[in-house]
Amino acid sequence: MVTERWSTAALFVLISMSLSGMEAGDVVQTPTSIHVMEGESVILNCSFHLQGLGAYSWRRDDSPINFESPRYKQRIIKADHHAFKSGKDASIQITNTTECDSGTYYCEIEIMGKQKSTGNGTVVTVERHACDKAKYLKTMSFEWIWIAVAGGVTLLVTLSLLVVIIILARRNKELPKRKKMRNPEQHQLDDAYHNCQGNEAKPKKQHPQPPKRNME
């Protein structure tokens with residue numbers, strides 16, 4: 001009776017695990033974490049213990065990895081169909097890594113008729129070289145200096161143009177007023193000159209005298 005009960009319980013557990021597709025240690029990833037320098041390659045190992053036809057995929061954090069995207073197409077070497085089917089290997093290799101490749105990578109195995117199984121994840125840290133960091137900071141500082149200089153020159157030119165525009169506008173407003181406001185002394189001199197010109201005696205016309213006759 002005890003043996004039959006244990007057999008029944010074991011069979012029930014196997015059936016439940018088969019239906020759910022989530023067995024302990026279905027997908028194994030190694031190592032749990034890895035640290036590389038920028039430009040180096042990193043190998044993410046993934047093996048599984050599931051039976052049946054299926055496929056595998058990877059994701060970085062919460063973003064699925066598209067092996068055919070321009071970002072990964074030329075940099076990811078993945079296990080072929082034979083290695084996946086016969087060797088139960090779903091490992092990938094990422095070449096020419098950058099800081100943007102840092103994150104936690106998860107291997108996902110999907111077998112027909114079962115739920116998708118996910119590995120425990122591998123934390124990848126890609127660090128930039130110290131010399132590259134210094135060069136990058138130096139370049140950024142130089143660029144910021146040029147931006148500051150260009151901004152200062154632009155501001156100075158703008159303020160100069162604004163001052164010139166204000167001065168010209170004020171001159172244009174004051175010019176008509178100056179024309180209307182005449183000097184009183186100059187006004188009197190102009191009036192006297194015009195009166196003098198009006199009262200000036202006109203020259204008399206001289207008539208020719210008749211020729212004198214000879215008295216002989």
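Which residue takes a positive phi in the hairpin of β4 and β5? In that hairpin, which has two residues between the strands, it is Asp61, with a phi near 55°.

The structure is a predicted model, in which local features need pLDDT of at least 70 and side-chain atom pairs count only at pLDDT 80 or more, while totals for chains, interfaces and linings use all residues. Residues are numbered from 1 along each chain as its sequence is written, and side-chain values use heavy atoms, without hydrogens and water.

**View 1. Strand β4 and its partners.** Strands are DSSP runs of E with at least two residues, helices runs of H or I with at least four, both numbered from the N terminus; two strands pair if DSSP finds at least two bridges between them. Seven bridges link β4 (residues 54-60) to β8 (residues 103-111) in the antiparallel sense, and Ser57 stands opposite Glu108 in β8. Strand β5 (residues 63-64) also runs antiparallel to β4, with two bridges; there, Ser63 is the bridge partner of Arg60.

**View 2. The largest nonpolar core.** Such a core is a set of buried (under 20% relative accessible area, 1.4 Å probe, protein chains only) Ala, Val, Leu, Ile, Met, Phe, Trp, Tyr and Cys residues joined through side-chain atoms within 4.5 Å. The largest one has 24 residues, and Leu44, Tyr56, Trp58 and Ile109 have the most contacts inside it. At least two residues of this core come from each of β3 (42-48), β4, β7 (92-94), β8 and β10 (122-127).

**View 3. The surroundings of Tyr56.** Leaving aside residues up to four places away in sequence, Tyr56 touches Lys78, Ala79, Phe84, Ala90, Ile92, Glu108 and Ile109, where contact means heavy atoms within 4.5 Å.

Technical notes
Buried < 20%, exposed > 50% of the residue type's maximum accessible area, 1.4 Å probe, protein only.
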